[in-house]
Amino acid sequence: MATASKTGCTVTGSEALMLSLLEEGVDVIFGYPGGAIMPVYDALYDYRDRLRHILVRHEQGAAHAADGYARVTEKVGVCLVTSGPGATNLITGLANAMIDSVPMVCITGQVASPLLGSDAFQETDVVGISMPVTKWNAQITSAEDVPRVIARAFYLAKTGRPGPVLVDITKDAQFGETTWSYRKCTRLRSYFPYPKVKLNEIQEAARLINQSRKPLILAGHGVLISGAQDQLMELATRADIPVASTLLGLSAFPSGHRLFAGMLGMHGNFAPNVKTNECDVLIAVGLRFDDRITGRLESYARQAKIIHIDIDPAEINKNVPVTLSVVADAREALSTLLSYVKENRHTGWIDTFGSFRTEEEETVIRPNRKPVNGQIKMDEVVHRVSEMTQGEAVVVTDVGQHQMVAARYYMFQRPGSFVTSGGLGTMGFGLPASIGAKIGRPDRDVVLFVGDGGFQMTIQELGTITQSKVPVKIILLNNQFLGMVRQWQDMFFRKRYSFTELQNPDFVNVANAYGIHAERCIIREDLDEKLDRLLASDDSSFLEVMVEPEHNVFPMIPTGESVSNVRLE
């Protein structure tokens with residue numbers, strides 16, 4: 001073990017933390033120092049050859065960077081910040097990771113234990129504040145507890161349905177001494193992260209699938225979390241079942257495959273949304289049936305027998321009543337299911353998707369993906385990047401219109417290629433998450449699509465990119481609006497654009513000021529040349545594309561409407 005030579009030695013709580021992180025295989029920490037975490041940073045100085053520290057410019061950036069890192073590496077993301085405002089600045093990132101099931105261990109400094117509850121300088125009850133947005137949290141007040149609590153934190157963060165964990169360490173625990181030893185956590189009483197597959201449920205699911213004439217698979221984030229992409233592919237091809245994806249399930253199934261029906265949801269593709277209300281068996285794998293997927297619950301898939309496969313029993317029948325539940329890890333459940341599912345062909349059913357694809361292609365996709373005049377559209381930018389990278393890049397987005405466009409027009413060819421804020425819809429997520437994604441996958445191109453609104457929420461992380469030399473490719477799609485809010489104001493509030501128009505800085509000069517090569521594209525004829533330069537760069541690079549200000553993203557299901565009521569214009 002990396003720390004075996006220290007076993008039995010006396011170490012401080014701060015050094016015990018460093019050794020514990022090494023035991024858990026951590027090699028990158030995203031953080032920001034401060035008074036209450038200073039002993040830990042002092043210990044980190046001696047371990048900086050084995051623990052790379054990325055100095056962010058805001059603690060929220062640390063959380064989002066750790067999130068992006070975790071999503072592309074299948075490791076636990078780690079961030080380290082101080083007490084008080086440092087700790088509270090993590091809360092948005094914790095909430096984002098919690099709802100999207102991302103494994104993170106966030107370590108916060110705290111005032112010395114005798115001062116707890118005294119309203120000391122930079123004291124906050126971060127354990128109480130973070131409880132609703134963490135899978136588990138704990139406070140350490142003694143150095144001897146550091147290894148045990150950290151081992152438990154990593155075990156809980158990465159097992160079962162993953163999620164963020166927070167560990168708060170008082171300053172006296174950081175200074176205190178303990179005899180070093182470490183034992184990884186492999187089980188906890190009353191915690192059963194991997195429910196046992198029940199064979200009778202699997203056999204009944206297979207029976208329903210084998211007898212179905214119009215089956216449809218919905219693939220969620222749980223497919224990627226469990227690594228069930230191969231099993232999903234085998235199930236779909238053997239039984240000839242079309243596959244639709246949630247936003248976070250994108251890249252679990254190749255975009256160009258003949259069975260890929262497209263993305264579900266409010267701005268998803270026409271065919272899978274309509275066909276959800278026509279299928280006879282709906283197989284939902286690793287998703288939670290949130291409102292952006294279901295639309296009006298009273299009219300959602302009422303005709304279908306619904307099979308819901310999910311590791312979290314709390315998600316079963318929470319929003320959508322199901323015919324059959326399989327509470328299990330997606331990969332294990334699908335692997336077992338494959339033993340009972342028969343080969344089949346549903347050519348007639350699959351062919352019915354074609355007319356919807358054609359209508360969407362003619363009404364929405366073709367006019368926006370390859371326009372010949374007018375201002376540049378977001379759609380064509382994403383489409384060109386997809387073609388230039390052959391669908392092989394890791395795509396990171398912020399939140400808004402550009403996010404939906406990236407999801408719709410990038411043709412993902414590899415699993416784990418899409419990093420975005422799903423459940424919380426966190427503006428400001430994209431830039432720091434792209435840093436974490438690139439550090440996690442230095443072997444792949446990481447392309448960030450970001451809007452001018454979200455970009456300014458965490459724009460200071462350009463400094464992190466420069467100082468840490470992170471070669472992210474940033475594409476700012478600038479429509480000079482809070483675009484998604486403006487679209488709703490356009491469609492549902494009589495075009496009363498209430499405080500959604502943005503007066504922006506010169507983003508090219510801002511990026512240049514941070515030492516990042518930057519260009520602006522206004523004319524369509526220049527787009528390919530400037531994208532080529534951006535993508536060819538070995539360093540971080542920035543391209544601002546001025547896009548049509550009042551372009552709306554379609555298809556769209558209005559809030560409260562049935563998934564069948566998809567608007568194409």
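Residues are classed here so that Ala, Val, Leu, Ile, Met, Phe, Trp, Tyr, Cys and Pro count as nonpolar, Asp, Glu, Lys and Arg as charged, and the others, Gly among them, as polar. The structure is a predicted model, in which local features need pLDDT of at least 70 and side-chain atom pairs count only at pLDDT 80 or more, whereas totals for chains, interfaces and linings use all residues. Residues are numbered from 1 along each chain as its sequence is written, and side-chain values use heavy atoms, with hydrogens and water left out.

The domain assignment, whose bounds come from an automatic or database source, gives domain 1 (4-179), domain 2 (199-352) and domain 3 (370-546). The C-alpha centres of domain 2 and domain 3 lie 31 Å apart, and the contact between them (heavy atoms within 4.5 Å) takes 16 residues from domain 2 and 19 residues from domain 3.

Grid points are joined across faces, edges and corners, and a volume is the space filled by probe spheres set on the points. The second largest pocket holds about 470 Å³ of space and is lined by 26 residues, of which Ser255, Asn269, Ile365, Arg408 and Met411 lie nearest its centre. Its lining draws at least three residues from each of domain 2 and domain 3. At least two lining residues come from each of strand 11 (260-263), helix 12 (270-276), helix 16 (353-369), helix 17 (378-389) and helix 18 (401-409), these elements being DSSP runs numbered from the N terminus (helices H or I, at least four residues; strands E, at least two). Helix 16 gives the most, with 5 residues, and by class the lining of this pocket has 12 nonpolar, 7 polar and 7 charged residues.

The axes of helix 3 (residues 59-73) and helix 5 (residues 91-99) come within 7 Å and cross at roughly 25 degrees, which makes helix 3 roughly parallel to helix 5. Axes are lines fitted to C-alpha atoms, for helices over the stretch in contact, with angles running from 0 to 180 degrees between N-to-C directions; angles under 35 degrees count as roughly parallel. The contact joins Gln60, Ala63, His64, Asp67 and Arg71 of helix 3 to Thr92, Gly93, Asn96 and Ala97 of helix 5.

Gln390, in the loop between helix 17 and strand 15 (394-397), has a positive phi of about 55 degrees although it is not a glycine.

Notes: 1 Å grid on protein atoms, 1.4 Å probe; cavity = no way out; pocket = protein on both sides within 12 Å on 5 of 7 lines; lining within 4 Å. Parallel < 35°, antiparallel > 145°, perpendicular 65-115°, else oblique.
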